[in-house]
Amino acid sequence: PARRASPRAGGGAKSVTAPMPGVILSVEVAVGATVKRGQTLMVLEAMKMKNDLKAQRDGTIAQVFVTTGDQVKHSDVLLEFES
């Protein structure tokens with residue numbers, strides 16, 4: 001299950017949080033993957049619409065907290081980048 005955002009995690013540059021409640025349709029990255037800004041990290045379905053969640057920066061994935069089919073709430077931490 002996704003973690004709730006803490007004041008320190010808060011959706012900053014180190015973490016990606018759910019922009020709205022929904023269901024994770026797919027996770028496109030794994031721990032250790034190197035990603036570029038604008039790359040799709042996962043797909044979130046909300047209100048019957050697919051939303052690509054894209055990387056806001058270049059980096060390496062440190063942790064992924066969700067899997068396909070997980071229900072998430074607004075501001076749940078979905079993944080974190082290495083520092």
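Which residue takes a positive phi in the hairpin of β5 and β6? In this hairpin, which has 2 residues between the strands, Met47 takes a positive phi near 55 degrees. The structure is a predicted model, in which local features need pLDDT of at least 70 and side-chain atom pairs count only at pLDDT 80 or more, while totals for chains, interfaces and linings use all residues. Residues are numbered from 1 along each chain as its sequence is written, and side-chain values use heavy atoms, with hydrogens and water left out.

Confidence was examined through pLDDT (the predictor's confidence in each residue, from 0 to 100). The mean pLDDT of the protein chain is 89. A value of 70 or more is reached by 84% of the residues. Over residues 6–12, pLDDT stays under 50. For this stretch the model has 5 contacts (heavy atoms within 4.5 Å) beyond four places in sequence. Where pLDDT is low, the predicted coordinates should not be read in detail.

The protein chain has 0 helices and 9 strands. These are DSSP runs numbered from the N terminus: helices are H or I with at least four residues, and strands are E with at least two. An open sheet is formed by 4 strands in the order β6-β5-β3-β8, with antiparallel pairing. Two strands pair if DSSP finds at least two bridges between them. Because β6 (49–54) and β8 (71–72) stand at the edges with a single partner strand each, one side of each is left without a neighbour in the sheet. β5 and β6 run antiparallel and are joined by 6 bridges. Glu45 has Lys50, in β6, as its bridge partner.

Buried residues (under 20% relative accessible area, 1.4 Å probe, protein chains only) were counted next. They make up 35% of the 83 residues in the protein chain. A nonpolar core is a set of buried Ala, Val, Leu, Ile, Met, Phe, Trp, Tyr and Cys residues joined through side-chain atoms within 4.5 Å. The largest such core has 16 residues. Leu41, Leu78, Leu79 and Phe81 have the most contacts inside it. Leaving aside neighbours within four places in sequence, Leu79 is in contact with residues including Val16, Val29, Leu41, Ile61 and Phe65.

Across the protein chain, residues 24 or more positions apart account for 58% of the contacts with a separation of 6 or more.

Note on methods: Buried < 20%, exposed > 50% of the residue type's maximum accessible area, 1.4 Å probe, protein only.
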